[in-house]
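These are my notebook entries on one structure. I looked up its cores, its domains and a metal site.

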Amino acid sequence: MTREILADTLEDIALLLELKGENPFKIRAYRSGADTVRQFPGDIVALAREGALSGIKGIGEALQQKLHELASTGALAFHENLKAEFPAGLFDLFKVQGLGPKKIKALYEALGVDSVPRLKEVCESGEVASLAGFGKKTAEKILEAIAFRESNADRFRLGDVVAPVEEILASLKKHDDCLRVEVAGSYRRAKETVHDVDFLVATGNPGGIIDHFVNQPWVDRVIAKGETKASINLSNGLQCDLRAVSNSEFACALAYFTGSKEHNVAMRGLAIEKGYTLNEYRLAPREGSEAPEAPVFENEAQLHRFLGLDYIAPELRENTGEVEAAAEGDLPKLIELENLRGTFHNHTVASDGSNTLEEMAAAAIDLGLQYLGIADHSKSSFQANGLDEKRLRAQIAEIRELNLRFRSEGTKFRIFAGSEVDILKDGSLDFDDELLGELDYVVASVHNAMTLPEAEMTERIIKAVTHPGVTMLGHLTGRLLLERDPYAVDIPAVIEACAESGTIIELNCNPWRLDMDWRWWKYAVERGVKCSINPDAHRTTQLEYLWFGVKQARKGWLTRDHVINTLNLTAMESFLTLEPLS
Ligand code: DGT
Ligand code: CA
Ligand code: ZN
C-alpha cells in the first residue's frame, strides 16, 4: 500500500460519483481528501492502517473508515462496488482531453459509449454531433484528442516515472551482487518524456541480479530474461530494461546506453579520428591503427578526457554541438539546483492552490530559499478562482504583514507579491496599470482562447510581454506534455520581443509543462533573454518541481548567470527596484 494508491482511490471515487451525478459536496470531500493524503507530512499509510486518522483536517469520518479499510486490507468494497456499476473502459474516456464527467455520462447514456474505440466510432459516424450539447466541432475536437493520445501512447512524462525509477534503483543498489548501478537512456538525459527506462549495473554475478530484478512486487510482466539483460513491464505499462556488465566495462556501457543515439554517433566519429572504435563495452584501437591500448576507464569523465574532451553532462548529450564544445573547452558551467536562491510563480488557496501563504513560505524557507514569489490567478481565470482587484489588494497587504513578521523574527526571507495576470484575447492584461504598479512583479500568461491563428497569438503575446508592467512571461506555449499541443505561436518572434523589452521568460517546472522547451533556451540567452525557473506550485510539495526545471535548464545549456532566480535576496530586491526589507 502506498500514499499514491490511497490518494488515487479517493480521486477515482470522486470521478465515479460525478458519473453518477451525486451531490457535489460529497464529490469535493473525496477530492480534497485525496489532496490531503498526498500532502500529509507524516506516514499517512501507517496511520490509515492503524485507524488513527481522526483529527486530520480534510479527512472526515466516512473517509477515515474507507482509508482504514483500504490500507489494512488492500481493497475497498465501496470503491469496487462503484466501479462495478460502470464498464471498465469508461475510465479511459477521462483521459481524452476536453471530456469531463457530464459529457461522458451523456455519451454513455445516449449512445452507449463505454470505451475509447466506441467513442471514436460515434464521432466518425456523426452520431455525437446530433447529441444535445455536442456538435460537429466537438466531434472533430474529440477525434483530434484521441489521435493525439494514440500518437503518444508509448511515452511517459519524466515526472510520472521518477518515483518508480527511484524505487527500482534503490532495490538494485541494496542487492549484494550490485557493485554500481545507474539509470541511463533518456531518463538520465532528463528528456521531458521517456519511452522506456534503461538500468545498468556493474556486477560479477549477472544471474543473481537479473533474477532479483524480475522478481519484484512492482513487476507486472517479464518481457524478456537473458543471461545479462532483462526487460519488465510495470503495471502502468512502463518498460524497464536492465543490463548487467562487468565493473571494467561499466564506464563505456554507461556512456553508450545514456545516448542519445545521435550523440553516440558523434562520439564514435571522434574515436575513429583518433584511431579507436567505441562500443558499448570498450574503447579499442582500430584494426591496423597505431593507437596504443586504451586503459580501463573508471568513469565517463576519464573516457571523455582520453578522447580530448571535457566531461559532457548527460543532459547535454543530444548532439547539438556538445562534442565540439567539449573539444574546444567551451562547455558552459551548467546551473545546479543549489544555485537557486528563490523562485517565482506560485499559487495559494486564494486562487487554485491547496496551501496558505504562510504554509507556502514555510516550505520555501525549509528548502533554503530566500524569497518566494506568489502569483495567484487573476479575475478572468474564474475557473481557477482568480482574484479580483479587491482580493488581490487584500493579499498584497497580507504579504506585507507576513514580511514584517519575518523581519521581526530575524528570518532572512521575503514573499514577493505578484499575480499571474491573464493575457486577454487582444493582448491586453487583466488588471489596470495602477494595480500592476502595486505589485512586486507580474507573470503574464495565456489561459484562454488558445486556438487563435499563429499570427494573432504571436501578436497577442508580444503585446503583453512588451507591456512595461510585465516582469515575466508564463508557460510560453501552454503545452501539456502528452496531453495538449503547444498553441500556435512564433517562438523566435516572442523571444525577440522579450529580448528587446527586457522581459524574462519562465521555465515552468511543472512536469506536465516544462515550458519554454529546453530546445529554445540556447537561442533565447544568445539574444540576451533571462530565464526564471518557476515551479508553478499549487501546493507546498510542488516547490520540489524546481528539480525538473533545473534539469531542463541544463538541457538548454543554461548557466547560473542566465537564470534570474539565482540572485540572492538583496540583489533580487534591487533588480525588482524594491525597497529592501532588511
Ligand atoms: P527513449 O527510451 O525512446 O526515451 O530514448 P533512449 O535514448 O533512452 O533510447 P533507448 O532506450 O532506445 O536506448 C538507450 C540508449 O542506448 C540510447 O540513448 C543510445 C543507445 N542506443 C540504443 N540503440 C542504439 C543504436 O542503434 N545506435 C546507437 N549509437 N546507440 C544506441
Ligand atoms: Ca530508454
Ligand atoms: Zn498559468
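Which residues have the most contacts inside the largest nonpolar core? I worked from a predicted model, in which local features need pLDDT of at least 70, side-chain atom pairs count only at pLDDT 80 or more, and totals for chains, interfaces and linings use all residues. Residues are numbered from 1 along each chain as its sequence is written, chains are lettered from A and ligands numbered from 1 in the order in which they are written, and side-chain values use heavy atoms, with hydrogens and water left out.

**Cores.** I found Phe 199, Phe 213 and Ile 533 to have the most contacts inside the largest core, which has 95 residues. A nonpolar core is a set of buried Ala, Val, Leu, Ile, Met, Phe, Trp, Tyr and Cys residues joined through side-chain atoms within 4.5 Å; buried means under 20% relative accessible area (1.4 Å probe, protein chains only). Helix α10 (residues 158–174) gives the largest share of this core, seven residues; helices are DSSP runs of H or I, at least four residues, and strands runs of E, at least two, numbered from the N terminus. Domain 2 (156–245) and domain 4 (337–575) each supply at least three residues; the bounds come from an automatic or database domain assignment. I noted another core apart from it, of 47 residues, including Ile 56 and Leu 107.

**Zinc site.** I listed the protein donors of the zinc ion (ligand 3) as Glu 420 (OE), His 447 (NE2) and His 475 (NE2), at 2.0 to 2.3 Å. Donors are N, O and S atoms within 2.8 Å of the metal (3.2 Å for Na, K and Ca); water is not among the atoms, so sites may look incomplete. The spacing in sequence is E-x26-H-x27-H. Glu 420 lies in strand β12 (residues 414–422) and His 447 in the loop between β13 (441–445) and α20 (454–465), so the pair ties together parts 27 residues apart in sequence. Both Glu 420 and His 447 are buried.

Terms used:
Buried means under 20% relative accessible area, exposed over 50%, partly exposed in between (1.4 Å probe, protein chains only).
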